[in-house]
Amino acid sequence: MENAIAIATEGLTHKFGEFIAVDHLNLSIPEKTIYGFLGPNGSGKSTSMRLITGLLTPTEGTIRVLGMDIPAQSEALRLHIGYMTQKFSLYEDLSVIENLRFIAQIYNLDKHRSKQRIAEQLHAYGLDIYSAHLAGNLSGGQRQRLALACATIHKPELLILDEPTSAVDPENRRDFWEKLFDLCDSGTTILVSTHYMDEAERCHGIAILENGIKRADGSPEQLMKDLGAQVVEIDGENLRQLKQQLIAHSHIISAAQQGTHLRVLIDEKITQPQVWLQQEFPEIMHGRELTLVRPSLEDVFVHCTGEGRKK
Amino acid sequence: MIRTLQPIYYSLQRIKAIMFKELRQLARDRPTFGMIVMIPLIQLLLFGYAINTNVRHLPVALMDNSHSEIARTLIADLTATQVVDFISEVYTATQATEALTRGKVRAALIIPNDIAQRLNDDRPLAQWIVDGSDTMVSNAILNLKNMPLSTLNNRAFSSAIISTKATFEMTLFYNPERRSEINIVPGLVGIILTMTMILFTSAALVRERERGNLELLITTPVKPMELMIGKIVPYVFVGLVQMTIVLGLGHLIFDVPINGRIDQIFLAALMFICASLTLGMLISTVAKTQLQAMQLTVFLLIPSILLSGFMFPYEGMPILAQWIAEALPATHFIRIIRGIVLRAATLSDLWPDLLWLATFTLLGLLVAAKRFKKRLD
């Protein structure tokens, strides 16, 4: 991508006492893209985001966001970013429109513009009919829409979303992502953290984080292509037993049950994985159907984090 | 010109946004809103009755017109009782009442030039002018009324036999009926304001933290000082309403006279409210939860009740307690409000206390804003 770089970090490290939350993180996130942090809880996603917005001071390393040095210029940065926290952080005892007005005033929109933007946001996020409802009485999906409406009321160049959809049902999640694509199309750079694979797959670029370390990054397609492993799905009975036997083998990276079949990641050095499996485990493979499938992002995730990585 | 004013305008706009948001939230929080009215009401009725203790070393003024040996002996006898300390000498009756109004002394002893004649005639020797607003204080001085004149008699200044009549004539200023409510009610304003102002503000910021609002606010252009001011101002009005309830009802129910100027009462209350709110803000930068904020508030409230002069006269307390009392905004405010309400003192009479409140507020705000960093670490 030939876009300018919105966020660049080098050797970014943050320690809470002895605990290393973020470990030498290098990032280069192009403008006008959606970039995802994928990782389990405690992998350093939130801490990285807080470092990037200047809410935390890094122990080591440099951060540049929208051409500004962070944390030195974080006050100036605040006018250009929108931030959505993991937990709903608007005022539950204020109505939808009151929350929007409050945030508009905080960003010093003038009366006319504030009125216009609030109307636009209410409409764009389908909140017109709820404008007088207290934020505390909204459903999970409505709350997220309100939070996004508030975070974007001043048309920020960079939008940072910390697990925005963790409390939202799948349908609302899809709608929410539609909105993110709209925002991206209109020129907003979006940094989003998630632990949902399907969400990560929607990003233009992702970084897989674990224990504060970046395990892999790139576009989801590229990551899947470069997996370095092949995926075979095995069906039949006694899948749990089968899994135990398979993962003991050094060429098998991981095995996970998915419904009626077992998804097995096999070292890419094996040329014909199905045949190899039949030969290595003739007894237990007998009568089972083996299918070579396209790797998913989850396979990538499993491959480069946790137990899978060690092999 | 316009360009230079713009940051200020922006800042004011943000403060205004926080203020109105706070008021809205307050209006929707029914229990808290009820507390604004109920706390002063219930406490006023509960504290209608007071506690009495012995008081010593009351500061008093002396006006000696006789300059006689008898007068000196009388003064020595009075000092020996330890009830009073003669801290200043005045020369006219006006000066005496002025010292009383300023709250510098609790009473003044006026010794007439015919003291020798009075001793012979077995009439009261001298007159006490007493600030009656605090009944505990005035009682202590009134007890001197029949002080025996043993030393005088021993020295045989006169042929008179030990007097059975009163030694002094007593004149009570400000609270001639010696009703304790007169003193309790203005003091109660100080206690109630301490309680509600510190509690509301300390909880207000902690609540934002607990509910996660703060995490959002710190990513916006809001500056710490703006947040502090925006959150404080609405409670200033709450405090003024409470003071009006207490003094108004105190006037109606307990017949407490309002002798001073109303505008000065409000001004003094305003200063004290600001100081208390600042204290609340300081707590909120320390406390992590609303419960902690509550505990810290109580921790400050108890000395404010016990040491501020609300419950026990300042003079009756040991030195250490007096030092602590001096540090509490409530002590200074209670002095001011009793002065204005009961003795018709003016703020210019009471300027040291006022100055102290202002200094406290300013320092407190600075420390609070400094402690509240826009960082999470």
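This note sets out the main features of a predicted model in numbered points.

1. Basis of the model. Residues are numbered from 1 along each chain as its sequence is written, chains are lettered from A, and ligands are numbered from 1, in the order in which they are written. Because the model is predicted, local features need pLDDT of at least 70 and side-chain atom pairs count only at pLDDT 80 or more, while totals for chains, interfaces and linings use all residues.

2. Chain A as a whole. Chain A has 13 helices and 14 strands (DSSP runs numbered from the N terminus: helices are H or I with at least four residues, strands are E with at least two). Its C-alpha atoms fill a box of roughly 75 × 45 × 40 Å along the principal axes. Of the 311 residues of chain A, 46% count as buried (20 or more other C-beta atoms within 10 Å of the residue's own, with C-beta atoms placed from the backbone; exposed means 12 or fewer, and partly exposed lies in between).

3. Contacts and domains of chain A. Among contacts in chain A with a separation of 6 or more, 67% are between residues 24 or more positions apart (a contact requires C-beta atoms, placed from the backbone, within 7 Å). The domain assignment gives domain 1 (5–219) and domain 2 (228–294), the bounds coming from an automatic or database assignment. The C-alpha centres of these two domains of chain A lie 40 Å apart.

4. The sheet of 4 strands. In chain A, an open sheet has the order β2-β1-β4-β5 with antiparallel pairing (two strands pair if DSSP finds at least two bridges between them). β2 (19–30) and β5 (68–70) of chain A stand at the edges with a single partner strand each, so one side of each has no neighbour in the sheet. Neighbouring strands are turned by 25 degrees against each other on average, direction ignored. Strand β1 (residues 5–16) of chain A is joined to β2(A) by 8 bridges, and A:His14 has A:Val22 in β2(A) as its bridge partner. Helix α1 (residues 45–53) of chain A lies across β1, β2, β4 (60–65) and β5 of chain A, at about 60 degrees to β2(A) (axes are lines fitted to C-alpha atoms, for helices over the stretch in contact, and angles run from 0 to 180 degrees between N-to-C directions).

5. Strands β3 (residues 34–38) and β8 (residues 189–194) of chain A run parallel and are joined by 5 bridges; A:Ile34 has A:Ile190 as its bridge partner in β8(A).

6. The interface. In all, 21 residues of chain B are in contact with 22 residues of chain A. On the chain B side, α1(B) gives the largest share, 8 residues. The residues of that side divide into 7 nonpolar, 6 polar and 8 charged (nonpolar: Ala, Val, Leu, Ile, Met, Phe, Trp, Tyr, Cys and Pro; charged: Asp, Glu, Lys and Arg; polar: the others, Gly among them).

Terms used: Contact = placed C-beta atoms within 7 Å.
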